[in-house]
Each structure stands twice: as structure tokens, then as C-alpha cells.
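Biologist: Could you take a close look at the salt bridges here, going through the pairs one after another and saying where the partners sit and how accessible they are?

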Amino acid sequence: RRRDYAEMPAMSSSGMAKSTSPGQDMERKDYKVKIEAQYAVGEYDIIILSAKDSGGLERWLKDNGYHIPDNAREVLTPYIRNDLKFFVVKVNLEKQEQQGFTALRPLQISYESERFILPIRLGMANANGWQDLIIYAFSRKGRIETANYRTAKIPTNEDVPARVKTDFGNFYKAVFDKSWKKEDRTSVMLEYAWDLSSTNFVKCDPCATDPMTFAQIKEAGIFWITEAGGNNRGWGSADYEGPLFVTRLHARYDRTHYPEDLAFVNTPNAENFQGRYVIHHPAGGDLTCEEGRRYQSDLRLRQEREERNLTALTGWRTDGKTYYDDSDDDALPIFGSKGGDGGPRLPIFLFALGLLAIIFLLPRLLHKLSVRLTSVTH
């Protein structure tokens, strides 16, 4: 895979990067903005800024052609007060066209800081509604959790109907939605935590994909892992050596429910965890013997339990064959719907049966009523 390295600009006598763009001329005292460094990386033009005033920074960005919302000042202010720098990027369309790329490539940023945070509030300035964020965190030992928001586990180890396999994407979205709402929309969901150290040969259970390779680990910026001598040590082994614990967190946030940036803590908890949903495939063949009939009876009970699990996990109502999304956040009883008092109403199939009976009997009832009324009239 091709890599583009930063083209470092000429340095001034003070050690700061000299600007080569017209935007440098806009750096006036009334902005209270300072260009700390400037780079060109592939199709990106990057500037590192510091600022003393949120209003000045807002005006500087707009005057230099950056599109930010009108209410950005209130989001910028906390970062300026904490003396943080701003990473500002423009896309150079000419360079992108010259290099033959039709999509933007991801940027990888490395920096050192004692603050273990992710500044999500800054991104909310351009946001419209909820945003989803997947976080992969790597440590030498123990899972990463959020320090200022509750870290909640996604439901796991549940038996579900076999048809979930063909619609797993929608199923898991519904599982996440329901779990996140249950946490009052203010928690960060833990989806995966696993010890991938070279000394641990069980990389997952079950494995949705192959374990990470040394090249992938280095590309992710993990600097403390070394390459192993050989790559043919069997399934479950790795081509790297060293301690490695991987955590996957899923945050869905907006400006109302998340007033602070995400702060993290590296815990000593090395317990493995992953969202698992188990499918049992029914046995086939001749089941007419006594054991077969007993199996079929147990199978029906198991499938009903799987349907209840599906409803509890997703909030979908089900008639045992099909399912659909339901707006109610609470789990609904199998084969039924929830009444206004919270109790279950009549099962759907009984309701349908009663409706059919009314449709067939109604003409006869009306006919008899008509005859009686006619008799009274005459």
C-alpha cells in the first residue's frame, strides 16, 4: 500500500514552519491566532493552529475559506481555555486528481499527551443530530473504558432464531439501538475486548475474521510490538510478539446528552468479551421415533424461547415467522402486542381468527336482523 510522507516546509529562525499559502497573510493580531506548523500530505493541506480567542479563531477560519457553522464559537471556547491546538485540514482537489484517487484516504495523526481524551465536542459544531463513532483502543494490558461516561456492555451469549443469519446487519443495529436507549442514551457501549498478546493463542471465540497481522498492527500505530521470527505456527498464533489488548467501543452522541469530550482510562481488567449471538440449526432426517418426537417437542419450546430472546434484544414483534421493527423501546411479549396498561393483549393469531369469524357471520346477522325488523313493521 502506498504511503505519502509529509512535505515539511522551510523553517524560520524561530523554529516554526513558514507558511507558503495566502492564509498566512491573514494572521493578524486582532485574530489572536497563531499558525504553529503547516504541512502538505498527499491531497491534504494541513495547518496546526493555536488561538487566544474563540471569536478570533472563528473569523480566521471563515476568512481563510473554511466552512464552519455560526454557533462554532461556544464549541471552540473550552479548547482554547485548555490551551489545546487545532488540526485544520483542506482537501487539495488538484493533487487528488493528479494522484488518481476518487475517494479521500484516511489521515493518521500521532501525538503525545497526558490527557487521554477524544474531542468529540469539536465535531458537534457541524453535526446535525446524532453521530456514531467506533473507537478501537490498543493497550499493553487491560481494556479501555470511558472515565466520564458509563461504559455498558452490549448484550451477549443469547440464542436467536436461525433467520437472523440472513439479516444480521439490521438485527445488530436494533440490538444496539435498544441497548443504547436502555442506557438513557448517555453510555458508551462495549462491543469487544480481547487479549491479543502473542502469548494468548485464543484470539476470539468464535472468530469473525482472522487475527490482526503484524503489518496491520504497525499501520494502526502500535509501536511496542515486534515482528515474530516465523509466520507458520498454526491457527491462533500470530506473526508478532508482545502484549496487546484491543477494545472496541461504540459511542452515539449529540450535544445535549454529551456535554464533555470522551475521557478514557486504561483499566487492569483483562477479561475477554465480545457480542455473541448463537444460532441452533434444527436436525433433519426421520424424526418419527420416540426420541425424534421428543426432540420435536423440545425444539418447539426452544424456538419459542429464541423468539422471545429476539424480541427482548431488538424490540421487534414477531408472529413466529416474520418480524418487523417496533417503535416501542420495551420488549414486547411473543405473538402479541402491549396494551395501554402495560399488559399483553390478545395474541395476534386469535385476534385475526376472531376478525375472520366476524367477516363471515356479519352478513347472516344483518339478514336476520333485517327479517326481524320487517316482521315488526308489518
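Modeller: Glutamate 291 and arginine 294 are three residues apart in helix α7 (residues 290–314), so about one helical turn separates them. In this predicted model, their side chains meet in a salt bridge, with 2.6 Å from N to O. Glutamate 291 counts as exposed at 53% relative accessibility, whereas arginine 294, with a relative accessible area of 38%, is partly exposed.

Another pair joins parts that are 75 residues apart in sequence, because aspartate 177 lies in helix α5 and arginine 252 in strand β12 (residues 245–253). The closest N and O atoms of aspartate 177 and arginine 252 are 2.6 Å apart in this salt bridge. Aspartate 177 has a relative accessible area of 25% and is therefore partly exposed, while arginine 252, at 15%, is buried, the limit for burial being under 20%.

A salt bridge also forms between the side chains of glutamate 183 and arginine 150, at 2.8 Å from N to O. Here glutamate 183 belongs to the loop between α5 (168–182) and β9 (188–195), and arginine 150 to the loop between β6 (144–146) and β7 (151–153), so the pair ties together parts that are 33 residues apart in sequence. Arginine 150 has 52% relative accessibility and counts as exposed.

Beyond such pairs, Glu58, Lys62 and Arg73 are linked in a network of salt bridges. For the model as a whole, the count comes to 14 salt bridges, when a side-chain nitrogen of Lys or Arg must lie within 4 Å of a carboxyl oxygen of Asp or Glu.

Conventions
Residues numbered from 1 in each chain as written. Predicted model: local features only at pLDDT ≥ 70, side-chain atom pairs only at ≥ 80, totals over all residues. Heavy atoms only, no water. Helix = DSSP H or I, 4+ residues; strand = E, 2+ residues; numbered from the N terminus. Buried < 20%, exposed > 50% of the residue type's maximum accessible area, 1.4 Å probe, protein only.
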